[in-house]
Amino acid sequence: MKFKANHLVLVLFFEVIALCLIVSFRFVNIETVIILLIFNFLFTSLIFQLDGTLNRKLGMLALGNIIGLFWNFIFHSFAVVGLAYFGEIFGAFYTIFYPFLNLMWIVSFWSLSLAALPNFQNMHAEAKP
Amino acid sequence: MIIEALEVSFVLLTALMIVYLIRHYVFTLTVLRSLKKTKKVTVASDAKYEPMVSILIPARDEEKVVGRLLQRMTELTYPKDKLQVIVIDDASSDSTGRIADEYSSRHSFIEVLHRDKRDGGKGKTSAMNAGFTRSKGEIILCFDADYYPQKTIVEKLTKEFVDPKVGAVQGRVVVLNEPQNIVTRLVALERIGGYRVDQEARDNLGLIVQFGGTVGGFKRNVLESLNGWDESILAEDTDLTFRVVLAGFKVRYVGDAECYEEAVDNWKAYRSQRYRWARGHMQCCFKHQLKVLKSKNLNMKEKIDGLLLLNVYFMPIIVLLSFVVGVPLILLESSKLITALWFSVPVSLYSFVGNFAPFFEVGIGAYLDGRTKTQLLIPLLIFTFFYNIPICTKAFLDLVSAKILRKDHNIWVKTPHSGNGNRYITN
């Protein structure tokens, strides 16, 4: 029974990630999809190799996708309003700062995810001789 | 025409940044994969290999820290009859020499080489060469005065020299005064990226491990054949790394040979230290770049990584240039390719801090070290990178103007040590 429940949770997380990608493509923009894909690639290839259950890591990945989607949705809405109000120049500035704004959530979420994982088995002692 | 030229420049600059990002991604992946493999047991680690070892400790005005290092030297587990510790009191104006003399009078294996203001005070390389002339060991190890090594560090470092191809070794640097303030915490993160991942991966991949100038050493015959330290170079560590590998020897990284350093604890000292590193590293780049390309002792992957390593201090300048070139292109609504490549600029901002490790690499390194609190500071690393941009740009401009005016005189600005690390030593 527990085995099946675990699988259901995994499927749910996969669905959340897929949904985030579809929603970002449909309702935000293609750049958001690319950013989420880069985030997913780094997360799965690096953090998935660390200690911790697959459920926990996949859960964090799904959470990262949700945060990324909302973050981009908010800024995208802001850009649409800004573009209508200030004109083309706002769009250019938005393009310039857009990746910087995205890096803010990616880097912060990256460090928080690592902190949420169980301690590494063969970890080095804290910086004390 | 101008726009096309700007576009080509932007594509080239971002391509270079992406190459560095891929390099560090491969490094991170290599370290993670190596965790799953069992470590190979070499003959070197099993054999009883105890050659005569000379430890050089250059010290100028280090009265606040030199005592703890010398005390540690007396606690080393390596046989004292095979150990020679030489403190090079390099024209100190404080009581560094007196403290060293006190230890020397109580321990026969500790010697002090006093240099007056006429001979000394010319920088670390000059002091090292003076110490090297006095040394007798088959292996020469170096420790800066503000460092605090493990008791077993000599055994761990020397065992690698059983391999005749190994010319130099490098141990791991860990920040001692990490909890002191935000500067030391960020420096600690940089060190984690540089040593826990970069150096380890280079060693695993058979690339060029960088000798860091301290917590490492050389075979005497290798150092003699290279005529010791080059006093015209500020980054003597990088210079020696490349001279050793160009001569056909390997540099090995020994991750479990840890030594604790007192990191700079304020932004002014940080700037001064990084300026020296950047300028020295750029000097090495000009000196060794062509030799690396032409070398018959290096294979293709070593050449590629060697060139990337030599050029690493140009990266903050390249990121700045890509920003300067990219912004007008986006404002002029250039091609889609430019907009797509633009994403590499902010990623690079998080990628070339201190020891030039990207955020994902520093994060993994901090996790593997069990630094759960420190890794939460990773987002702040962007500030150290912003700080590195003017430092590296100034170092480059100063170096170029010095070369044009033929006034390339090195002024060694010593990093001051407050001794604050002493309070973090628990045994």
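Author: A residue is buried if 20 or more other C-beta atoms lie within 10 Å of its own, exposed if 12 or fewer, and partly exposed in between, with C-beta atoms placed from the backbone. Helices here are DSSP runs of H or I with at least four residues, strands are E runs of at least two, and both are numbered from the N terminus. Housekeeping next: residues count from 1 along each chain as its sequence is written, while chains are lettered from A and ligands numbered from 1 in the order in which they are written. The model is predicted, with local features needing pLDDT of at least 70 and side-chain atom pairs pLDDT 80 or more, whereas totals for chains, interfaces and linings use all residues.

Reader: What makes helix α9 of chain B "mostly covered"?

Author: The count does: 10 of the 11 residues in α9(B), residues 236-246, are buried. They are B:E236, B:D237, B:T238, B:D239, B:L240, B:T241, B:F242, B:R243, B:V244 and B:V245.

Reader: What covers the buried residues of α9(B)?

Author: The cover includes α5 (124-134), β6, α8 (220-225), β8 and α10, again in chain B. Contact here means that the C-beta atoms of two residues, placed from the backbone, lie within 7 Å. Just past the end of α9(B), B:G248 has a positive phi of about 100°.

Reader: Why are the buried residues of α11(B) said to be on the same side?

Author: In α11(B), residues 300-310, the buried ones are B:E302, B:D305, B:G306, B:L309 and B:L310. The arc is that of the directions from the helix axis to the C-beta atoms, and theirs spans only 135°, so they sit on the same side of α11(B). B:M300 and B:K301 are exposed on the other side. Among the elements covering the buried residues is α10 (267-294) of chain B.

Reader: How do you know which strands stand at the edges of the sheet?

Author: Count partners, where two strands pair if DSSP finds at least two bridges between them. The eight strands of this open sheet in chain B run in the order β3-β2-β1-β4-β7-β6-β8-β5, with mixed pairing. β3 (110-115) and β5 (147-149) each have a single partner strand, so one side of each lacks a neighbour in the sheet. From one strand to the next, the twist averages 30°.

Reader: What makes β4(B) and β7(B) a pair?

Author: Four bridges join β4(B), residues 139-142, to β7(B), residues 216-219, and the two strands run antiparallel. B:I139, for instance, stands opposite B:K219. β7(B) is also antiparallel to β6(B), residues 166-175, through three bridges, and there B:V169 faces B:G217.

Reader: Which strands does helix α3(B) lie across?

Author: α3(B), residues 66-75, lies across β1 (53-59), β2 (83-90), β3 and β5 of chain B, at about 15° to β5(B). α7(B) packs on the sheet too, touching β6 and β8, and its direction makes about 150° with that of β6(B). Axes are lines fitted to C-alpha atoms, for helices over the stretch in contact, and angles run from 0 to 180 degrees between N-to-C directions.

Reader: What makes a set of residues a nonpolar core?

Author: The members are buried Ala, Val, Leu, Ile, Met, Phe, Trp, Tyr and Cys residues joined through C-beta atoms within 7 Å. The largest such core has 137 residues, and B:I57, B:L69 and B:V87 have the most contacts inside it. Helix α7(B), residues 182-205, is its biggest contributor, with eight residues. Leaving out residues up to four places away in sequence, B:I57 touches B:L69, B:V85, B:I86, B:V87, B:I88, B:F143 and B:A145.

Reader: Why is chain A called more spread out than a compact globule?

Author: Chain A has four helices and zero strands. Its radius of gyration, 18 Å, is well over the 14 Å from the globule rule for 129 residues, so the chain is more spread out than a compact globule. That radius is taken over C-alpha atoms, and the rule is 2.2 Å times the number of residues to the power 0.38. Buried residues are 25% of chain A.
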